[in-house]
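Hi everyone, thanks for coming. Have a look at the structure on the screen, and I'll walk you through a few spots in it.

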Amino acid sequence: MSTGKAFDIPKRLVWDAYQDVRRNAGSAGVDGQCVEAFEANLKNNLYKIWNRMSSGSYMPPPVLRVEIPKADGGVRQLGIPTIGDRIAQAAVKRYLEPLVEPYFHEDSYGYRPGRSALDAVATARQRCWRKDWVLDLDIRRFFDTLDHALVLRAVRRFTTERWVLLYVERWLQADVQLPDGTVLQRDQGPPQGGVISPLLANIFLHLGFDQWMREHHPAVGFERYADDIVVHCRSRREVESIQASIEQRLAQCRLALNPEKTRVVYCKDARRTGEWGCQSFDFLGYTFRPRSSRNYRSELFVSFSPAMSRKSARSLRQIVRRRWRLTQHTHLSLNALARRLNPIISGWINYYGRFRRSELHAVLNHINLALTRWVMRKFKRFARRRTQAHAWLRAVARRSPTLFAHWQYQGWMTRAV
């Protein structure tokens with residue numbers, strides 16, 4: 001049915017987009033409005049978004065730039081759209097994703113339905129066993145340097161829908177607002193943190209990298225998660241040739257490799273007798289390197305395999321120490337604390353415990369240390385008595401080994417002293 005609008009956008013699309021945003025929640029944008037405040041006048045707010053998008057008058061507000069600390073001491077700049085703008089972006093994503101998804105490469109894993117980072121890690125592990133060399137690619141400032149014209153050209157390969165192209169262009173050009181209120185204009189890259197940004201990056205790199213690899217290097221396997229890419233080669237000569245070829249291709253896409261972080265890696269194991277200076281690489285929070293393993297006969301051998309990286313372990317410990325701040329939550333009961341923390345702990349175990357779970361124990365021990373400090377702060381009889389507080393916590397673990405999600409993986413916590 002015609003609505004008399006410039007664009008025929010179904011209201012249902014905006015409603016479903018709102019549901020997506022509501023599930024993900026997130027922080028407020030430049031208007032300071034959270035999801036709950038948006039829902040206080042939900043019907044009218046959703047109608048405004050639909051009405052403006054349908055008439056072609058929707059203009060994205062600036063995105064709020066925030067700095068997220070990185071494990072290496074640097075910061076990652078993220079852009080937080082308003083709740084309303086997230087819903088508008090989610091509507092376009094819902095329309096566009098089914099059009100592009102069937103064309104995406106089987107070795108692309110990032111931000112795709114039915115695929116995960118762990119799938120990429122598992123595939124990388126298998127290929128490292130089969131091929132001796134890895135090219136660990138790092139694209140220099142990928143999200144900051146994406147060319148807007150090339151991104152729009154890539155989107156046009158999949159749709160000619162005018163309202164989709166109109167709003168993608170406006171989001172690419174949306175201003176950035178700093179916490180102090182300063183507004184900056186952008187002429188490159190989508191803001192990291194936008195709902196539509198991962199899909200735009202996937203569309204761009206599908207054409208700029210994935211499809212190009214399929215056409216020019218069909219026998220070379222790779223795993224790509226957003227702009228994190230690992231390429232597998234049979235020989236040093238092949239990996240050097242592939243690297244030169246990829247550098248030329250990225251230049252055509254107005255991108256470049258970071259020479260300090262792009263590395264050629266030799267997948268050293270018990271079968272490989274060669275030598276090379278670099279024998280490890282990080283991928284999606286895991287470090288791949290030679291490790292002692294046991295075969296089905298319990299015999300030791302050297303395998304090139306993944307385990308949680310030191311950088312990831314350090315990052316998780318920092319979260320426990322700096323963000324959780326358990327000693328500030330002594331008003332909670334131990335059960336309430338467990339309910340609050342268990343979804344996070346379970347997520348860490350499910351992700352970082354998939355391969356060589358033993359590497360995760362140092363982080364889990366750090367959680368126990370934080371809980372011990374909580375006990376010391378909450379109960380006066382344990383003040384300055386760390387050993388007794390820890391013994392009390394272990395007694396709780398023996399009685400209720402499933403209270404905290406990680407205790408069942410730590411037998412020493414639940415064994416009788």
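Let's start with Arg325, which is partly exposed, with a relative accessible area of 42%. By that I mean between the two cut-offs: buried is under 20% relative accessible area and exposed is over 50%, using a 1.4 Å probe and protein chains only. Before I go on, this is a predicted model, where local features need pLDDT of at least 70, side-chain atom pairs count only at pLDDT 80 or more, and totals for chains, interfaces and linings use all residues. Residues are numbered from 1 along each chain as its sequence is written, and side-chain values use heavy atoms, with hydrogens and water left out.

So where is Arg325? You'll find Arg325 in the loop between helix 11 (310–324) and helix 12 (334–352). Helices here are DSSP runs of H or I with at least four residues, strands are E runs of at least two, and the numbering starts at the N terminus.

Next, a bit of backbone. Most residues other than glycine have a negative phi. Now look at Ala25: not a glycine, yet its phi is positive, about 55°. Ala25 sits in the loop between helix 1 (11–24) and helix 2 (35–39), and at 36% relative accessibility Ala25 is partly exposed. What does Ala25 touch, not counting residues up to four places away in sequence? Val35 and Arg86, with contact meaning heavy atoms within 4.5 Å.

Arg141 has a positive phi too, about 45°. Arg141 is in the loop between strand 3 (133–138) and helix 6 (142–145), and Arg141 is exposed, at 53% relative accessible area.

Last stop: His216, in helix 9 (residues 197–216). His216 is partly exposed, at 48%. His216 and Ser245 are 29 residues apart in sequence, with their C-alpha atoms 9.4 Å apart in space.
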